[in-house]
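Trainee: I am new to this structure. Can we go through it in short questions and answers?

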Amino acid sequence: AYDELKANTIIYAKWVQQTYNIIFNNNGHGNKVNPINGIVKLPTTLPTLGEDGFIFEGWYYDQTFTKLAKPNDTMTSNITLFAKWTVAKYNVTYIINNHGIQPDNLTELTNLPSILPTLTDDNYNFLGWYYDQSFTKSANPNDKLTKDVTLYAKWEKKTYTISFIINN
């Protein structure tokens with residue numbers, strides 16, 4: 001007890017720093033992120049996520065994405081951070097390869113159009129759209145886009161058969 005303390009007694013206080021845990025809610029996109037336990041500040045680098053067709057916009061303290069979580073933010077309790085995503089939109093550029101009439105390039109798409117432009121030329125047959133200049137990967141209506149694309153028109157020169165009928 002206090003009465004038994006002698007003069008010049010030093011009393012030491014023992015302090016234990018309170019630590020907190022983070023749970024990451026990826027909102028159904030990207031890879032799962034493991035929780036982080038026993039910290040007092042957010043990490044200097046927060047995890048980043050990726051998924052084709054979506055853009056990861058950061059971690060937020062709330063599900064309505066009004067308060068952005070920043071590296072090194074001080075924590076005062078256990079928290080759940082929510083990943084914000086937007087649908088990625090891409091551009092389509094058409095290369096007609098010197099035949100037909102140039103269709104308008106397209107912007108802010110998630111998929112190729114349900115009807116791709118059909119080109120005509122009096123001397124060539126239009127064989128379709130391709131993702132590469134070598135014409136090895138054909139583009140199909142409604143293909144999902146994961147980046148800006150350029151589509152190349154494939155053409156084949158028209159050939160004709162001429163028959164001669166000789167009388168006598």
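Mentor: Start with a definition: patches are made of residues with over 30% relative accessible area and no salt bridge, with like charges joined within 9 Å and nonpolar side chains (Val, Leu, Ile, Met, Phe, Trp, Tyr) within 5 Å. A salt bridge is a side-chain nitrogen of Lys or Arg within 4 Å of a carboxyl oxygen of Asp or Glu. This is a predicted model, where local features need pLDDT of at least 70, side-chain atom pairs count only at pLDDT 80 or more, and totals for chains, interfaces and linings use all residues. Residues are numbered from 1 along each chain as its sequence is written, and side-chain values use heavy atoms, with hydrogens and water left out.

Trainee: How much accessible area do Ile162, Phe164 and Ile166 have together?

Mentor: Areas come from the Shrake-Rupley method with a 1.4 Å probe, and for residues only the protein chains shown count as cover. The three residues form a nonpolar patch on the surface. Their accessible area together is about 440 Å².

Trainee: Is Ile162 buried or exposed?

Mentor: Buried means under 20% relative accessible area, exposed over 50%, and partly exposed in between (1.4 Å probe, protein chains only). Ile162 lies in the segment after β8 (149-157); strands (E, at least two residues) and helices (H or I, at least four) are DSSP runs, numbered from the N terminus. Its relative accessible area is 66%, so Ile162 is exposed.

Trainee: Which kind of aromatic pair do Phe56 and Trp59 form?

Mentor: Rings of Phe, Tyr and Trp (its six-membered ring) pair if their centres lie within 6.5 Å; planes under 30 degrees apart are stacked, over 60 edge-to-face, the rest tilted. By this rule there are nine aromatic pairs. For Phe56 and Trp59, the centres are 5.5 Å apart and the planes make 65 degrees, which is edge-to-face.

Trainee: Why is the pair of Phe126 and Trp129 edge-to-face?

Mentor: Trp129 itself is buried, with a relative accessible area of 3%. The ring centres of Phe126 and Trp129 are 5.5 Å apart. The pair is edge-to-face because the planes stand at 70 degrees.

Trainee: What is the bridge partner of Trp59 in β4?

Mentor: Two strands pair if DSSP finds at least two bridges between them. Strand β3 (residues 54-60) and β4 run antiparallel, joined by six bridges. In β4, Trp59 has as its partner Ala83.

Trainee: Which residue in β4 stands opposite Ile23?

Mentor: β1 and strand β4 (residues 79-87) run parallel, with four bridges. Opposite Ile23 stands Thr80.
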